[in-house]
Amino acid sequence: MHPDDIEKTAFRTHHGHFEFLVMPFGLCNAPSTFQALMNDILGRYLRNFVLVFFDDILIYSKTWEEHLQHIRQVLALLQLNSVFLKKSKCSFGQTTVGYLGHRVAVDPEKIKAITSWPQPVTVKQLKGFLGLAGYYRKFIKNYGAIAKPLIDQTS
């Protein structure tokens, strides 16, 4: 990439300001313009249920009903701002997605580890289980209420 063009690749995320020294993913123009536009349009939803990076808009939700509502909200804002989507690049209602070269999903092996964990008989074993299960607390509805009786046993 020509040094005069590096600043044209600048983009801002909630982690800071970045510039590419080489053109990423075969893009040839305006990644920062799209990112800035999406930040303006979807700003109130970013990191609540929407992630935007380059030309990807990810909508994530806890329930199917919530997901449908989130999709409606995002599509309405895009339409209001005359942003068009390429139908062939869209997919909806996915349980896993490819994002920045990664497959994003809960690892079935981790779920298996939690569900097949032997019943703890010591406080140390219980703390070990709670440590593993606690990692997923954001994804388990009412985790605090469910885990409270177990947590109470650790003191």
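Mentor: What follows is a set of questions about labels, each answered by setting a value against its definition. This is a predicted model, in which local features need pLDDT of at least 70 and side-chain atom pairs count only at pLDDT 80 or more, while totals for chains, interfaces and linings use all residues. Residues are numbered from 1 along each chain as its sequence is written, and side-chain values use heavy atoms, with hydrogens and water left out.

Trainee: Why is the aromatic pair of Tyr-45 and Phe-49 called tilted?

Mentor: Rings of Phe, Tyr and Trp (its six-membered ring) pair if their centres lie within 6.5 Å, and planes under 30 degrees apart count as stacked, over 60 as edge-to-face and the rest as tilted. The search of the whole structure finds 2 aromatic pairs; in the pair of Tyr-45 and Phe-49 the centres are 4.7 Å apart with 35° between the planes, hence the name tilted.

Trainee: What makes Tyr-45 count as buried?

Mentor: Buried means under 20% relative accessible area, exposed over 50% and partly exposed in between (1.4 Å probe, protein chains only). Tyr-45 has 13%, so Tyr-45 is buried, and Phe-49, at 8%, counts as buried too.

Trainee: Which residues of α2 are buried, and what puts them on the same side?

Mentor: The buried residues of α2 are His-67, His-70, Ile-71, Val-74, Leu-77 and Leu-78. They cover an arc of only 135° around the axis (taken from the directions from the helix axis to the C-beta atoms), which puts them on the same side of α2.

Trainee: Why are α4 and α5 called roughly antiparallel?

Mentor: Axes are lines fitted to C-alpha atoms, for helices over the stretch in contact, and angles run from 0 to 180 degrees between N-to-C directions; under 35 degrees counts as roughly parallel, over 145 as roughly antiparallel, 65 to 115 as roughly perpendicular and the rest as oblique. The axes of α4 (residues 123–134) and α5 (residues 143–152) cross at roughly 170°, and α4 and α5 are therefore roughly antiparallel to each other.

Terms used:
Helix = DSSP H or I, 4+ residues; strand = E, 2+ residues; numbered from the N terminus.
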